[in-house]
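Subject: Structure for you to look at

Hello,

Here is the structure I said I would pass on. Please open it first, then read my notes on its charged side chains below.

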Amino acid sequence: MSKEKKAPKRQQVYTLVVEVGRAKDDGLPEGSVGAALMCYASGVDEAEAVRETVAILKQADLAPLDVTGYGTLEDRIEMGHEIEQDERDLMARAAEENSVIVAQMTPFFSEAEAESGGQLPN
């Protein structure tokens, strides 16, 4: 009896938003309480993309707290997202390099810091 070979699953690129907390030497702006990172990650499925992204962020001394997945490019188009060419280019790069790309970082500040322009009174 011969076993049929399963075709290898094709890598896809998933859009993920990862919320991170503070950690020593995380490189986040002074006074921030965390950040949201927009990432494009390759994987055979979204679960693998999430695992790889979390592992890489931990290696970069970040503290991942939560991950929200938005699916593949096709999924996002079906949801009605408008996707600019620069975003498509980053997704293509993630696919070519079989990598995780952090495309954007938005720091979070506490209400008190936001109201004072990021400067806490002494």
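A residue counts as buried when its relative accessible area is under 20%, and as exposed when that value is over 50%. Please keep in mind that this is a predicted model.

Salt bridges first. A search of the whole structure finds four. Three of them are described here.

The side chains of E87 and R76 meet at 2.6 Å, N to O. E87 sits in helix α3 and R76 in helix α2 (residues 73–78), so this pair ties together parts that are eleven residues apart in sequence. R76 has a relative accessible area of 6%, so it is buried. E87 is buried too, at 13%.

Next, R22 and D26. Their side chains form a salt bridge of 2.8 Å, N to O. Are the two partners buried or partly exposed? D26 is buried, with 9% relative accessibility. R22 is partly exposed, with 36%.

Then E97 and R93, whose salt bridge spans 3.1 Å, N to O. Both lie in helix α3, and because they are four residues apart, about one helical turn separates them. E97 is partly exposed at 46% relative accessible area. R93 is partly exposed as well, at 40%.

Now the surface. Which residues form a negative patch? They are E82, E84, D86 and D89. D86 belongs to helix α3, which covers residues 85–97. Its relative accessibility is 54%, so D86 counts as exposed.

Best wishes

Definitions and conventions. Residues are numbered from 1 along each chain as its sequence is written. This is a predicted model: local features need pLDDT of at least 70, side-chain atom pairs count only at pLDDT 80 or more; totals for chains, interfaces and linings use all residues. Side-chain values use heavy atoms; hydrogens and water are left out. Patches are made of residues with over 30% relative accessible area and no salt bridge: like charges are joined within 9 Å, nonpolar side chains (Val, Leu, Ile, Met, Phe, Trp, Tyr) within 5 Å. Accessible areas come from the Shrake-Rupley method with a 1.4 Å probe; for residues, only the protein chains shown count as cover. Lys and Arg count as positive and Asp and Glu as negative; His and the chain ends are not counted. The place of a charge is taken as NZ of Lys, CZ of Arg, CG of Asp or CD of Glu. Helices (H or I, at least four residues) and strands (E, at least two) are DSSP runs, numbered from the N terminus. Buried means under 20% relative accessible area, exposed over 50%, partly exposed in between (1.4 Å probe, protein chains only).
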